[in-house]
Amino acid sequence: MRTKTKTKNKTMNTQVITVTPELAKFWLTYNDTNRPVRKGNTESFVHLIEQGEFRLTHQGMAFEGDKRNPKRLQDGQHRCLAIIKTGKPQQMMVSWNCPPESFSCVDSGAMRSFKDLHGWDTATITLVKAIREISKSSSRRARMTLTDAEVVTAAFGDQMADLLDKANTTRKGISTASTKAVVCILMKQHPDRADEILHVYKALTNIHFNEMPQIVQRLYTRLIAIEGGCDKARTERILLSYAALSPDNWKKGTLVMYHRPVDKMAEIREWVAYQMELTSP
């Protein structure tokens, strides 16, 4: 009598699973052929989890093999690493029996930007990011979340609105996001002279030298000479702009870099971070 062999169900299926740090560690043992880990991606997920913004969506984990006999991990290594780092379990969609050929299709599209996700206008997003970056000491920055953006706007929203409404002129090398961020910071530090600061910055972007102090005229020539957008160039723009656009220095005729630029940058960073801390939820 011929016996029938029972075939295993190889149909791809998905279920919601609470992924604990222990489970994440176990699943990562099947991660031997995945793409290299990108620290920035992991930090972005860590940031979302820590702020309570990690959401259950159709995206999550993907395995070849079934739940009882998992094989290759196709997708989800950065989420697993973030769960391990934070120690906080998260609910995720987990797909099993994914065909091997689907691996080449995973994450092949463009990552959605903050504008795609939340619909904010580009000028506001750029300025928010620049202020937020000044508050961070690490050169490797996690992707900005909605909570991050709302904290910045709560602290500097009035200054940002004034700048974008009254002095949003574009001038290559001059009206960079870093310089605009400094203008907002100085306006908040000198509320009684905020209109003057904005007027001087507007004169700078419009190249109206007769309407700006001599030190700001020097700033123009220094800014247009800075090339690139690396951290070093960005820091130089921030410090020069801060020195020249501060009303405390307008009577000075020369523009020189701070004697201890690292210490000055740390001072500005701490002040900005404190303002954001005061308004954070």
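**Close-up views of a predicted model**

**View 1. Strands S1 and S4 pair in the antiparallel sense over seven bridges.** In this predicted model, strand S4 comprises residues 90-96, and strand S1 spans 13-19. Thr18 stands opposite Gln91, a residue of S4.

**View 2. An open sheet is formed by four strands in the order S1-S4-S2-S3.** The pairing within this sheet is mixed. Strands S1 and S3 stand at the edges with a single partner strand each, so one side of S1 and one side of S3 are left without a neighbour in the sheet. On average, neighbouring strands of the sheet are turned by 35° against each other, direction ignored.

**View 3. Strands S2 and S3 form a hairpin.** Four residues lie between the two strands. Strand S2 covers residues 60-65 and strand S3 covers residues 70-75; the two run antiparallel and are joined by three bridges. Gly65 has Pro70, in S3, as its bridge partner.

**View 4. Helix H7 packs with helix H11.** Two packed helices are described by the angle between their axes and the distance between the axes. Helix H7 consists of residues 177-189 and helix H11 of residues 261-279; their angle is about 70°, and their axes are 12 Å apart. Angles of 65 to 115 degrees count as roughly perpendicular, and H7 is therefore roughly perpendicular to H11.

**View 5. Residues of H7 meet residues of H11.** On the H7 side are Ile185, Lys188 and Gln189, which meet Trp271, Val272 and Gln275 of H11. By class, this contact of H7 with H11 has three nonpolar residues, two polar residues and one charged residue.

Terms used: Residues are numbered from 1 along each chain as its sequence is written. This is a predicted model: local features need pLDDT of at least 70, side-chain atom pairs count only at pLDDT 80 or more; totals for chains, interfaces and linings use all residues. Side-chain values use heavy atoms; hydrogens and water are left out. Two strands pair if DSSP finds at least two bridges between them. Axes are lines fitted to C-alpha atoms, for helices over the stretch in contact, and angles run from 0 to 180 degrees between N-to-C directions. Angles under 35 degrees count as roughly parallel, over 145 as roughly antiparallel, 65 to 115 as roughly perpendicular and the rest as oblique. Contact means heavy atoms within 4.5 Å. Ala, Val, Leu, Ile, Met, Phe, Trp, Tyr, Cys and Pro count as nonpolar, Asp, Glu, Lys and Arg as charged, and the others, Gly among them, as polar.
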